[in-house]
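Please find below a note on the model under review.

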Amino acid sequence: MNQSIKPGDNPDLTEERLSGTFDTNSMAAVIYGSDKLAQRRREISEAVSRIPELQDSKPCPFMTREEKILEGSRKSAILNRLLPGLIDLDSFEETVFIHQEVIGIEGHPLALHESLFIPPIATQGTDEQQKKWLGRAQRREIIGCYAQTELGHGSNLRALETTATFDISSQEFILNSPTITSLKWWPGALGKSANWSIVIANLIVHDKNHGPHPFMVQLRDEKSHEPLPGITVGDIGPKMAFNGADNGFLGFENYRIPRENMLMRHSKVTPDGGYIRPPHAKIGYSGMVRVRSRMAAEQGLFLAHALTIAVRYSAIRRQGYLEDRSREVKVLDYQTQQHRLFPSIARAYAFIFCGFETIRLYDQLLIDVQNGNTSGMADLHALTSGLKSVVTHQTGEGIEQARMACGGHGYSMASYISEIYGVAIGGCTYEGENMVMLLQLARYLVKSIEMIQNGKSKNLGPMVAYLAANESEIDLNLGPNEYLKVFQYAARSQAWRATEKFQKLRNSGMSKEQAWNQASVELTRASRLHTRLYIMSTFINHVGSVVDQKIKKVLIDLLNVHITYEVMDIGIYVQGLLSSDQMDLIRNQLYVSLETIRPNAVSLVDSFQISDMQLRSVLGRRDGNVYENLFKWAKSCPLNDKDVLESVTKYLKPMMDKSKL
Ligand SMILES: CC/C=C\C/C=C\C/C=C\C/C=C\C/C=C\CCCC(=O)SCCNC(=O)CCNC(=O)[C@H](O)C(C)(C)COP(=O)(O)OP(=O)(O)OC[C@H]1O[C@@H](n2cnc3c(N)ncnc32)[C@H](O)[C@@H]1OP(=O)(O)O
Ligand SMILES: Cc1cc2nc3c(=O)[nH]c(=O)nc-3n(C[C@H](O)[C@H](O)[C@H](O)COP(=O)(O)OP(=O)(O)OC[C@H]3O[C@@H](n4cnc5c(N)ncnc54)[C@H](O)[C@@H]3O)c2cc1C
């Protein structure tokens, strides 16, 4: 049963919902991890929809940037008052969800506070530091951000220029931005909203640079909100999207903070200027790993937003004919439309499934690290580096296809897809530029292959064990596991090809850095294939664990779309393994899978249960009543407040008048 059906809906959409073979609430429970979690999302949406002061004052596309920031702040303040009655305050998921529901995806002054400011205090602050700041931050007595990137340096953290020099005599750190390129640049909420920040600066003690470390820094006066002396701060200006957030710049001039403001759970500076090393050199980077570990699910949901819009719209949009010339067909019936959208539905499910898995892995790692065991850090860093890169890229591609699948109306801001696209592809850049992160994973793959070459295959972790296998023939009595073997073949041969290229260049006398650079395109290809293999295998395992048979059946259909599409997409890497007959077989299986999934397409996107409020799309409305609402939306555009604009009276009319003979 599809729970979205209501009286007054567009009959085309109701017809689709009636053709679904499964219960959408049960599917939502599988997507979000449990019936309880899915139910909480519905309850929060429902509660929010009943609070008038939390509704949008006007559609986001009609707001200026200043209005967006004002609206985000207004709603944040109301939410802060209402949150205790609406959500479990200890749940990060519910906190993020309600903000996204109420404020949307365009960012808001507290987006970074929850995801990048509080977590470092909680994981890298000492008990005393947590006692001092955590409660204040959680109550939102202070608003924070995370200032790491600089005008001249983002990807290469070792080149950051901001310094925090320890002054023994005053027991303070002195913060400085010595050059224009050392200005912090990009941090969200820094521009106008935050009054505190985690600042990443090079720790200098007794003239020795110990590299980037995190510091708690007050930026603005808590009464007047004016920048404190020694601080230069402001907004960096409009962006491609995400304009509800005030990304900012920040400079320091001999700005002093107490010694106790360095986050010292792992690294420490003692009062006499002693430096105590952390248990792992990169432990200070763990805030980034946390955000990356959450990006697959987050991005999967961005893709889910765009697909909810495109699939629902494709079910009510009629254009052209198939056999029956008496009525135009739903565009969702065209194979090209299905090929454009259904593999993306499968990817959205796959990203969400493996996203929740990486969140679980991170949470486990956090416990291990707090217990002094840092051995899992390298594995999770490699995994999340690849995953954030592949998922953000494919999400961007999927959203853009969804936009095109909506034809002309997809290009209108009424669809809201362009905003989803703009926000989502920010993820290709933030938390580590994709190529840079793929190359981080490649280091791990190359090291794994070197272990095999050195006869140490048995030391390989489970995620890279396939690199040592020797599969050269596939029995194409194709089930998911055979597809997995095909993918393993592709990922393995590319990883070996890239590594051997690197090694050959090295053996020719080239420096390690040059050889790496000249092999880097091949290395990033290896990282992508490795990551896609991981996504596929997680998807297969997840479907295997589903108990409800109706849900399992449709997920198997979706998995078939995924595995056949993915293997077709990497055809070039499996030429040595699969014959052209076998490729034809897979291609045909894909087409059959598209037909099989067709009756469930709308129910599959309905199962994401994204409310109309959160979706903010006229095209993607739950009720499917698109045309009358598009007309209403256009009429409410501020340009239509007057029939004759100043642009006409001041310029066009005089021009036309002058041109008259
Ligand atoms: C847009 C959102 C819209 C809506 C919101 C809706 C919902 C979401 C809710 C909340 C989210 C809201 C908003 C988020 C928006 C934006 C947030 C963006 C925040 C940022 O971008 S913060 C800045 C991020 N910056 C980066 O990621 C920089 C990338 N660079 C690096 O990480 C490093 O420089 C590096 C890893 C590339 C290189 O570091 P290095 O030079 O120190 O190290 P080496 O390359 O030499 O490697 C040495 C060795 O260390 C290993 N290593 C590296 N990192 C790690 C790690 N983290 N853990 C473990 N090990 C690590 C590396 O593998 C090497 O090992 P080897 O064995 O020697 O090979
Ligand atoms: C929406 C958004 C929000 C952000 N929020 C924050 C925030 O809250 N806090 C914060 O501190 N930062 C934030 N950032 C900054 C972000 O983290 C950086 O922009 C990001 O890490 C990329 O760094 P960069 O801009 O220096 O890119 P660059 O490194 O300059 O990248 C430019 C090009 O160089 C290539 N390149 C760089 N190094 C290498 C290499 N070693 N090998 C091969 N190619 C390379 C890249 O692949 C890319 O093609 C945000 C950015 C955005 C877009």
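1. Basis of the note. This is a predicted model, in which local features need pLDDT of at least 70 and side-chain atom pairs count only at pLDDT 80 or more, while totals for chains, interfaces and linings use all residues. Residues are numbered from 1 along each chain as its sequence is written, and chains are lettered from A and ligands numbered from 1 in the order in which they are written.

2. Overall form. The chain contains 22 helices and 11 strands; these are DSSP runs, helices being H or I of at least four residues and strands E of at least two, numbered from the N terminus. The radius of gyration, taken over C-alpha atoms, is 27 Å, close to the 26 Å of the globule rule for 661 residues, so the chain is as compact as a globular protein of that length. That rule is 2.2 Å times the number of residues to the power 0.38. Along the principal axes, the C-alpha atoms fill a box of roughly 90 × 75 × 65 Å.

3. Domains. The assignment divides the chain into domain 1 (144-279) and domain 2 (280-455 + 480-630), with bounds from an automatic or database domain assignment. Their C-alpha centres lie 35 Å apart. At the boundary, 10 residues of domain 1 are in contact with 12 residues of domain 2, contact meaning that the C-beta atoms, placed from the backbone, lie within 7 Å. On the domain 1 side, the touching residues comprise 7 nonpolar, 3 polar and no charged. In this classification Ala, Val, Leu, Ile, Met, Phe, Trp, Tyr, Cys and Pro count as nonpolar, Asp, Glu, Lys and Arg as charged, and the others, Gly among them, as polar.

4. An unreviewed UniProt entry lists residues 480-656 as "domain: Acyl-CoA oxidase C-terminal"; UniProt positions follow the numbering used here, feature names are shortened, and annotations may be inferred rather than shown by experiment. In the model this span is 73% helix and 0% strand, and its end C-alpha atoms lie 67 Å apart.

5. Three-stranded sheet. An open sheet of 3 strands, paired antiparallel, has the order S4-S8-S7; strands pair if DSSP finds at least two bridges between them. S4 (184-185) and S7 (231-235) are the edge strands, each with a single partner, so one side of each has no neighbour in the sheet. S4 is joined to S8 (residues 248-252) by 2 bridges, and Trp185 stands opposite Phe249 in S8.

6. Hairpin. Strands S5 (residues 196-205) and S6 (residues 208-218) are antiparallel partners over 9 bridges. Ala201 faces His213 of S6 across this pairing. The two strands form a hairpin with 2 residues between them, and His206 in the turn has a positive phi of about 50°.

7. Shell of ligand 1. Which residues come closest to ligand 1? Leu157, Tyr285, His381, Tyr430 and Gly432 do so, among 34 residues that surround the ligand; a residue counts as near if its C-beta atom, placed from the backbone, lies within 6 Å. Helices H5 (92-103), H6, H8 (286-316), H10 (377-405) and H13 each contribute at least two residues, and H6 has the largest share, 4 residues. The shell has 16 nonpolar, 13 polar and 5 charged residues. Both domain 1 and domain 2 give residues to the shell, so ligand 1 lies between them.

8. Shell of ligand 2. Around ligand 2 there are 21 residues, of which Gln148, Thr149, Gly154, Ser155 and Met435 come nearest. H6 (111-124), strand S1 (144-147) and H13 (434-453) each supply at least two residues, with H13 giving the most, 3 residues. The shell divides into 11 nonpolar, 9 polar and 1 charged. Ligand 2 also lies between domain 1 and domain 2, because both give residues to its shell.

9. The unreviewed UniProt entry places a "binding site" at Thr149 and Gly188. These positions are spread over 40 residues of sequence, yet they cluster in space, the largest C-alpha distance being 10.8 Å. Thr149 is found in the loop between S1 and strand S2 (163-167), and is one of the residues that come nearest to ligand 2.

Methods: Two residues are in contact if their C-beta atoms, placed from the backbone, lie within 7 Å.
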